[in-house]
Amino acid sequence: MSQHRLLTLTTDFGTTSPYAAAMKGVILSINPHIQIFDLSHDIPPQDTRYASYFLATAAPYFPSGTVHLVVVDPGVGTERRLVCAEMAGQLFVAPDNGCLTDVIKRLGEPRQLRELSQPRWWRPEISDTFHGRDILAPTAAYLTLNIEPEQMGSPIRELIRLPDLPLNVDANQIQGVVACVDTFGNLITNIPNRMLQKRQIVAVRVKERTIARYCRTYGLAAPGELITLSSSCGHLEIAQNRGNAARLLGVEVGEPVVVEFQD
Amino acid sequence: MSQHRLLTLTTDFGTTSPYAAAMKGVILSINPHIQIFDLSHDIPPQDTRYASYFLATAAPYFPSGTVHLVVVDPGVGTERRLVCAEMAGQLFVAPDNGCLTDVIKRLGEPRQLRELSQPRWWRPEISDTFHGRDILAPTAAYLTLNIEPEQMGSPIRELIRLPDLPLNVDANQIQGVVACVDTFGNLITNIPNRMLQKRQIVAVRVKERTIARYCRTYGLAAPGELITLSSSCGHLEIAQNRGNAARLLGVEVGEPVVVEFQD
Amino acid sequence: MSQHRLLTLTTDFGTTSPYAAAMKGVILSINPHIQIFDLSHDIPPQDTRYASYFLATAAPYFPSGTVHLVVVDPGVGTERRLVCAEMAGQLFVAPDNGCLTDVIKRLGEPRQLRELSQPRWWRPEISDTFHGRDILAPTAAYLTLNIEPEQMGSPIRELIRLPDLPLNVDANQIQGVVACVDTFGNLITNIPNRMLQKRQIVAVRVKERTIARYCRTYGLAAPGELITLSSSCGHLEIAQNRGNAARLLGVEVGEPVVVEFQD
């Protein structure tokens with residue numbers, strides 16, 4: 001395996017709390033030469049599904065050899081496993097709680113999958129409530145020193161997967177949901193763009209509103225206009241040009257979205 | 001030109017959305033040895049004027065050779081240009097939408113100005129809604145590998161500039177506006193400190209309040225007192241010691257501010 | 001002293017304001033090879049007590065040789081001192097306003113303590129309102145170039161300390177307060193876990209609620225259940241499994257907490 005020199009952090013710790021900072025200290029105490037890149041500390045608290053979405057949208061762009069440390073861990077201290085998974089030459093160190101579900105769909109089944117069972121790579125004292133600091137961070141740091149995943153623990157068969165978001169495909173319509181509301185209030189659905197290609201869309205419906213217009217990009221709509229587009233992540237998106245569609249429509253993650261096609 | 005080893009990011013993506021993370025992956029896939037410094041991902045959404053203010057206040061402190069990647073891009077996918085501009089030995093990679101207006105005032109006219117027109121330096125597939133990831137990020141990454149701006153595209157004459165904020169100077173008063181409300185609720189105006197030197201200020205008025213006292217710094221005022229001072233960025237500032245002037249006064253960006261002088 | 005290659009930032013500047021970005025520029029202009037790690041820019045504005053708590057929870061995990069730059073500085077420009085303190089081989093560059101109180105409790109009395117009085121290491125022009133940029137940042141940057149603390153200024157005897165949070169220990173109970181509300185709404189108190197060991201806790205009371213159940217970790221409680229636990233930072237914690245205890249109870253920092261023991 002190639003050398004690992006990059007380490008990323010994805011957590012729900014926020015930046016007001018000192019938890020992400022403590023993890024950085026643990027990592028740098030083991031490998032002071034490592035570069036650490038913050039992906040996000042603002043995953044919604046304990047939201048493993050959002051973490052899964054986030055990682056699938058960001059991780060595929062990273063180079064082989066990157067170590068991704070993921071700490072969204074509502075089950076900390078319980079029987080849930082901690083794992084190291086290799087996909088596309090990248091290593092993911094995370095709780096086995098579904099947060100890698102979507103990244104597997106993007107990068108393929110892990111080539112290497114280990115449960116973290118070797119305390120040799122952990123901090124000497126393990127708290128019951130912060131395995132990010134005590135187990136996951138030191139494990140990720142040792143991986144950047146080219147300790148092999150094989151040394152971290154026993155092989156396991158497969159990871160826990162979150163159930164798919166509802167997506168029903170009929171002859172004349174597709175029913176999906178809002179999978180993510182982004183910073184701009186754009187609604188990213190779970191309906192893949194490829195399901196919409198070469199078909200004549202009559203309307204997209206969300207929360208009793210019907211959106212008739214598809215635009216290639218935001219700025220081609222009138223200011224304030226609601227439109228649908230193909231999101232940069234490969235899914236149907238609903239947006240308001242120069243506005244915030246989520247606020248306008250009162251929509252949150254999970255809201256049903258229907259695409260109607262011409263017969 | 002000196003070697004470029006530093007890359008900064010300034011975006012309106014927030015840190016809950018995966019967009020800044022995806023750009024980091026793109027950059028590191030091209031140059032895994034680059035140091036990336038987050039300046040901000042919390043520019044108010046699509047606010048090119050705030051981005052311009054932010055960059056002018058931060059960028060002048062960076063060393064020659066820094067590459068600044070700026071993604072505040074409400075016109076993504078439309079006819080607006082993407083550019084690379086060299087000022088004071090620093091390179092700015094950004095949409096041509098006015099976001100470099102104030103940094104030009106600080107650092108001087110670009111010595112080198114190119115439109116990004118060479119797809120050779122872009123990602124192979126270009127989305128319509130995320131040129132930050134598909135064009136700007138790879139361009140900035142190649143610049144850190146010392147590909148010259150000349151290779152990125154055709155020379156252009158000048159950048160789009162935002163109109164100046166209103167600033168009227170009379171014999172007995174100056175009328176300006178609040179240009180920025182900072183984290184502390186301090187109101188940073190567009191009235192330069194140098195216009196106030198050697199003059200006797202009678203009062204500063206904002207939102208029907210008259211502020212009579214000028215202080216050298218916050219802590220010299222009584223707790224809760226409203227004062228005016230010379231901001232660290234070179235402009236008149238209105239602050240409440242140990243408080244939040246913006247909240248107290250109900251003031252937002254754009255609010256008129258009047259300075260009255262003695263005859 | 002060992003070589004200093006790591007520099008961390010802890011500020012109350014937020015990431016919308018350009019102040020932390022300007023400091024990064026100042027640092028990188030002096031030492032473009034330094035790695036900068038953001039610990040937090042979201043310390044509550046001017047909250048030196050929170051900064052003290054934050055640093056004590058994060059800094060002990062960093063390696064010897066780290067330089068911590070701390071800018072929470074409500075007294076900027078007044079007579080308060082700026083200092084450099086060495087503890088456990090780490091250097092802290094900060095205003096002398098109590099923000100190092102708790103880190104001293106964790107790491108021990110400073111081995112080396114200097115007032116920053118040598119303008120040679122500062123920016124040429126010093127503003128009255130932003131010593132973070134003009135004095136503290138360049139000082140920290142020169143420390144990473146292995147300029148010794150001795151050269152930064154005169155030795156001083158001791159730092160200003162914040163008064164202890166209230167903690168009263170009786171035969172049958174301990175009275176403390178909430179010292180921190182974390183991202184998850186968990187209430188971290190100032191009551192040390194070691195005071196609770198080997199004793200039979202009858203109840204923990206906060207805001208007229210009585211919490212009877214102690215759990216080793218969150219996930220062992222029923223969803224929504226209020227529990228007490230031993231926090232990962234060594235203090236009694238009150239949490240709601242899969243919920244937000246602070247919001248549920250309407251509790252903020254400073255709220256009294258009582259632990260009752262069996263006779």
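Select C:Asn146 to begin the tour: the residue lies in the loop between helix H4 (131–144) and strand S7 (168–169) of chain C. Helices (H or I, at least four residues) and strands (E, at least two) are DSSP runs, numbered from the N terminus. The model is predicted, so local features need pLDDT of at least 70 and side-chain atom pairs count only at pLDDT 80 or more, while totals for chains, interfaces and linings use all residues. Residues are numbered from 1 along each chain as its sequence is written, chains are lettered from A and ligands numbered from 1 in the order in which they are written, and side-chain values use heavy atoms, with hydrogens and water left out.

Although C:Asn146 is not a glycine, its phi is positive, at about 70°. C:Asn146 has a relative accessible area of 32% and is therefore partly exposed (buried is under 20%, exposed over 50%, partly exposed in between, with a 1.4 Å probe and protein chains only).

Next, select A:Lys198, in the loop between strand S9 (187–192) and strand S10 (201–206) of chain A. A:Lys198 is not a glycine, yet has a positive phi of about 65°. Its relative accessibility is 89%, so A:Lys198 counts as exposed.

Now display chains A and B together. The contact (heavy atoms within 4.5 Å) takes 31 residues from chain A and 32 residues from chain B. Between these chains the buried area is about 2800 Å², and carbon and sulfur atoms give 56% of that area; buried area is the accessible area (1.4 Å probe) that two parts lose on being put together, summed over both.

Within this contact, select B:Asp128 and A:Arg216, which form a salt bridge with their closest N and O atoms 2.8 Å apart. A salt bridge is a side-chain nitrogen of Lys or Arg within 4 Å of a carboxyl oxygen of Asp or Glu. The count between chain B and chain A is 1 salt bridge.

Then colour helix H1 (19–30) and strand S2 (35–40) of chain B: each supplies at least two residues of the side that touches chain A. H1(B) gives the largest share of that side, 8 residues.
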